[in-house]
Amino acid sequence: MKNISLRMLSVILAVLALAIAGVSVYFGSELLRENILGFLGTNTLPPQFQQQLTDILVAQGIITVATFLIVAIIIVVILERMVVRPLNLLSAVIQQFGSGLHADDIPDPKGAPHEIDHIFETFTTMAKHVEEARARDEEMSRIKSDFISTAAHQLRTPLTGIRWALEAMAKEPMEEGKKAVVADALEKNKQLIQIVRTLLDVSAIESGRYNYKFEPTSLPELIGTTIEQLQEHATRQQVAVKFIPPEYVPDIKADKERLRWVLINLIENAIRYTPPKGSVTISLEPARGRVFIYVHDTGIGIPDNERNNIFERFYRGKAAAKMQNGGNGLGLYIARNVVRDHGGDLDFKANEAGIGTTFFFSVPVAT
Amino acid sequence: MADETQRTVLVVEDDPILKNLLGNTFSGRYKAMYAGTGKEALQYVEEYKPDIILLDLMLPEMGGFEVLEQLRARTDELKDTPVIVVSNLSQESDQEKAKQLGANDYMVKAEVAIEEITSKIDQFFQEA
């Protein structure tokens, strides 16, 4: 049964009361007529008296029923004014608060009984608390984003100066030994710049979780341009990057830039940990509303005892740490978070024999 | 060494060392002038009518975004002066905002070599 409204309920009760009044008036009049006849000690009255008695009883009945009607209407109106309307107002207020009404603008339920008034007061207090918490949240995220830009500026400005100065120096003629020193300094400087970038990415991704822009994206295109971007790095490492997309891949629903970030990290890692003459192969596999992406390399592999750690912040594998190749232990941590925000998970298969690793994850198909 | 054929570059940069480093590279290539604040930048645009502007975003007095906004709101031909934002702000939201306000390009300062900046400038000059 559907829930009945309070207004309907009061009308039904009023009608019921009227009906009972009608019935009781009818039987009351009959009783009265018999009593009067008994009192007069007769069974029949002369016709003119009989007519008069009926008139009196009918009039009395009408007055009684009318009084009941008026009382019922008054009760319905009072319930409407004092209970139904304040309650409707309350539910409207609750709804509006959900969509941005300020706690200070919550109206006063004029004339409502104090129980309802009390609900309003309690709700207003609660709304104020919610509002304060909301304001604190906004303040926190503002502070965080201010921190990000300040950190970016404070750290990057000197790093830029060092970089540009070293670059200018590297162009000057000088003896080989000194040239190597400058090149080393430049390399380390670039590593620092990269670390700052990654730290900023971590905070941006962590604080901007809710600002994802999901749009239909062509995966083969995204992977193609990402590989192009990394081609120079791959050539330098003498690693071949292969990608042959299947004939048909549906568009996916993804945050293009963040997904590109994941791909860059996975492919760059694969290149980084693959010895010269090795290869990195990217493949795609559409399956049931998702597309799986595999990044396979012929690199140094990941030992089983490090399986659970490699996605942790700042963790670096033993072999990886020895290589001193610019990894900072954040890439996979962020990549996994981004993939999870796409409703998938990032995982890998490593070869027992130690050679080669395949990272894989899935993203949803665009609808 | 500045000859008449050299193009004019307005560099808006408040860090003196970065300004010098850019200056060393630019000298002989372009006629470069330097503004250290947003207000100065707008003044120099009017005064020198540069061919291109390198614009930092975090600037004293008036930020780069506002400079961009005011420049694009002009009614004369200076309003279309190409602007390359060269800033250490790297968040996507900043890049998007700059593009929306009419920046022609965006480079993250620490992540580019000076040579990349000059080749970007040359690219704009060739296209012009």
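**Exercise 1. In which loop of chain A does Arg288(A) lie?**

Before you start: this is a predicted model, where local features need pLDDT of at least 70, side-chain atom pairs count only at pLDDT 80 or more, and totals for chains, interfaces and linings use all residues. Residues are numbered from 1 along each chain as its sequence is written, chains are lettered from A and ligands numbered from 1 in the order in which they are written, and side-chain values use heavy atoms, with hydrogens and water left out.

Solution. Step 1: go to the loop between strand S4 (279–287) and strand S5 (290–297) of chain A; that's where Arg288(A) sits. Helices (H or I, at least four residues) and strands (E, at least two) are DSSP runs, numbered from the N terminus.
Step 1: check the backbone. Arg288(A) isn't a glycine, yet its phi is positive, about 45°. Most residues other than glycine have a negative phi.
Step 2: look at the surface. Arg288(A) counts as exposed because its relative accessibility is 87%. Buried means under 20% relative accessible area, exposed over 50%, and partly exposed in between (1.4 Å probe, protein chains only).

**Exercise 2. Find where Gln238(A) is, and work out how its accessibility is classed**.

Solution. Step 1: look in the loop between helix H5 (219–237) and strand S2 (240–243) of chain A.
Step 1: Gln238(A) has a positive phi too, near 55°, and isn't a glycine.
Step 2: its 46% relative accessibility makes Gln238(A) partly exposed.

**Exercise 3. Describe how helices H1 and H2 of chain A pack**.

Solution. Step 1: get the geometry. Helix H1 (residues 6–40) and H2(A) pack at about 165°, with axes 9 Å apart. Axes are lines fitted to C-alpha atoms, for helices over the stretch in contact, and angles run from 0 to 180 degrees between N-to-C directions.
Step 1: name the arrangement. H1(A) and H2(A) are therefore roughly antiparallel. Angles under 35 degrees count as roughly parallel, over 145 as roughly antiparallel, 65 to 115 as roughly perpendicular and the rest as oblique.
Step 2: sort the residues of this contact, and you get 20 nonpolar, eight polar and three charged. (Ala, Val, Leu, Ile, Met, Phe, Trp, Tyr, Cys and Pro count as nonpolar, Asp, Glu, Lys and Arg as charged, and the others, Gly among them, as polar.)
Step 3: zoom in on Gln60(A), which belongs to helix H2 (residues 47–98). Gln60(A) is 31 residues from Ser29(A) in sequence, but their C-alpha atoms are 8.5 Å apart. With 37% relative accessibility, Gln60(A) is partly exposed.
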